[in-house]
Amino acid sequence: MAALLGLPTGAAGLMASRLGGKPRQPLVWLSFQECTGCTESLTRSHAPTIETLIFDFYSLDYHHTLQAASGDAAEAARLETVAQGGYLLVVDGSVPLAHDGCCSTIAGHSNLEMLAQSIASAQAVIAVGSCAAFGGLPGAAPNPTGAISVEQLMDDGRIPQRPLVNLPGCPPLPEAIAATLAHYVTFGGFPALDALHRPTAIYGNTVHDRCPRIGFFYAGKFAKTFDDEGARKGWCLYELGCKGPVTHNACSTLKWNAGTSSPIDSGHPCIGCSEPGFWDTPGLYRPLATPTGVDATARSESAQRGQALYEDKCVYCHEPGGTDLPGDADAVPDAYAQRGGRAHRVQLDAQEWADLVEYLKGESR
Ligand code: SF4
Ligand code: F3S
């Protein structure tokens, strides 16, 4: 968890010692216009687990889905915590303002009334999910409920300003929620944030930066349909509308379900779910722009044969352009022979070597 948050060496021990024996931090979790996906995501966190969070670190005093109490007893628990103060407030879901807020009510109160009441004596606020952070699906055009984010409500002066962290995503990565909660209870504050109040340790890179398919992007190899040869070979999904290059999230590194997979790993483009207004992006499956791949038809026939060889046998281990190969492209056959070919399970004849070198020379120019 310390590594996930980009904390320095030794922070893990410090976190463990600070957490040990500390009274649990009260937590109120409000769910407004949402789908419960954010809570579903949190329940799949493995570092730390939700059990550790709510049994060791936090006193979860109010949460529609996870609390045992219901009705008046649940509302009484929330009001008691609010009266005592010193709690962390988590919000998932957007807040509807149209029609006097009647599109979403809880215990006879509009979401805005409940949020205003609950934030009054909160220490800080975490807006979990793209709905709470940016308006999300309910806020997509034509936004019939007048859905608005927590941050916008603060900026408009409708609720008091509090320290705020946004954890966008539809839903956010479970570790993004769990690690931010753990950081807050350990250090009494949030980790470093970007201009959109997102933790930089989690949202500092784009999905594209660390994508497992990025070699194919630079090689100009794009799947054109979901069932063509490129799709079967795991080529880049840019032309199928992938928004990875403009989406800040850690899906390519942390992945989902305890590091098992991600949308792109499973063959679907990133739809940009952690960016503001992603539902209104014109065409979830429309490419961002013309890709800057290499025009294969401009290559010699030998280089084209070399490219086919490279994509069949080499791209899984070596960077396109051969930048991680020892020396010039011309030196590749000799280097391979000197090593006895032990790291490779393929044998190339002289013509194939020549074709491969021709391709690598063009790529590294
Ligand atoms: Fe990966 Fe999408 Fe970037 Fe292609 S465009 S490398 S699939 S993030
Ligand atoms: Fe969302 Fe893209 Fe990750 S769609 S889940 S940010 S890969």
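This is a predicted model: local features need pLDDT of at least 70, side-chain atom pairs count only at pLDDT 80 or more; totals for chains, interfaces and linings use all residues.
In S9, Leu164 is the bridge partner of Val125.

In soluble globular proteins, nonpolar side chains tend to be buried together. Here the largest nonpolar core holds 29 residues, and the members that touch the most others are Tyr58, Leu88, Ile126, Val128 and Leu181. At least two residues of this core come from each of several elements, namely strand S1 (25–31), helix H2 (37–42), helix H3 (50–57), strand S3 (87–92), S7, S9, helix H8 (174–187) and helix H9 (200–203). Helix H8 gives the most to the core, supplying seven residues.

Val128 is part of strand S7, and it counts as buried because its relative accessibility is 1%, whereas buried means under 20%. In sequence Val128 and Pro168 are 40 residues apart, yet in space their C-alpha atoms are 6.3 Å apart.

The peptide bond from Ala141 to Pro142 is cis, with omega near 5°, and Pro142 lies in the loop between helix H6 (129–134) and strand S8 (147–148). Another cis peptide bond joins Cys170 and Pro171, with omega about 0°, and Pro171 is placed in the loop between S9 and H8.

Positive phi values also occur in residues other than glycine. Thr36, which is not a glycine, has a positive phi of about 75°, and this residue lies in the loop between S1 and H2. With a relative accessible area of 24%, Thr36 is partly exposed. Asn257 likewise has a positive phi, near 50°, although it is a residue other than glycine, and its place is in the loop between helix H11 (229–232) and helix H12 (301–314). Asn257 is partly exposed because its relative accessible area is 47%, between the limits of 20% and 50%.

The ligands complete the picture. Ligand 1 sits in the largest cavity, where the residues surrounding it are His208, Cys211, Arg213, Ile214, Phe217, Cys236, Leu237, Tyr238, Cys242, Gly244, Pro245 and Ile264. Sorted by class, this shell around ligand 1 has nine nonpolar residues, two polar residues and one charged residue. Ligand 2, for its part, sits in the second largest pocket, and the residues around it are Thr247, Asn249, Cys251, Trp256, Pro263, Cys270, Ile271, Gly272, Cys273 and Ser274. The shell around ligand 2 has six nonpolar and four polar residues, and no charged residues.

Note on methods:
Residues are numbered from 1 along each chain as its sequence is written. Chains are lettered from A and ligands numbered from 1 in the order in which they are written. Side-chain values use heavy atoms; hydrogens and water are left out. A residue is near a molecule or strand if one of its heavy atoms lies within 4 Å of it. On a 1 Å grid over the protein atoms alone, a cavity is a set of points where a 1.4 Å probe fits but cannot get out, and a pocket is an open set with protein on both sides within 12 Å along at least five of seven lines; lining residues have an atom within 4 Å of a point. A molecule sits in a cavity or pocket if more than half of its atoms lie within 2 Å of its grid points. Ala, Val, Leu, Ile, Met, Phe, Trp, Tyr, Cys and Pro count as nonpolar, Asp, Glu, Lys and Arg as charged, and the others, Gly among them, as polar. Two strands pair if DSSP finds at least two bridges between them. Helices (H or I, at least four residues) and strands (E, at least two) are DSSP runs, numbered from the N terminus. A nonpolar core is a set of buried Ala, Val, Leu, Ile, Met, Phe, Trp, Tyr and Cys residues joined through side-chain atoms within 4.5 Å. Buried means under 20% relative accessible area, exposed over 50%, partly exposed in between (1.4 Å probe, protein chains only).
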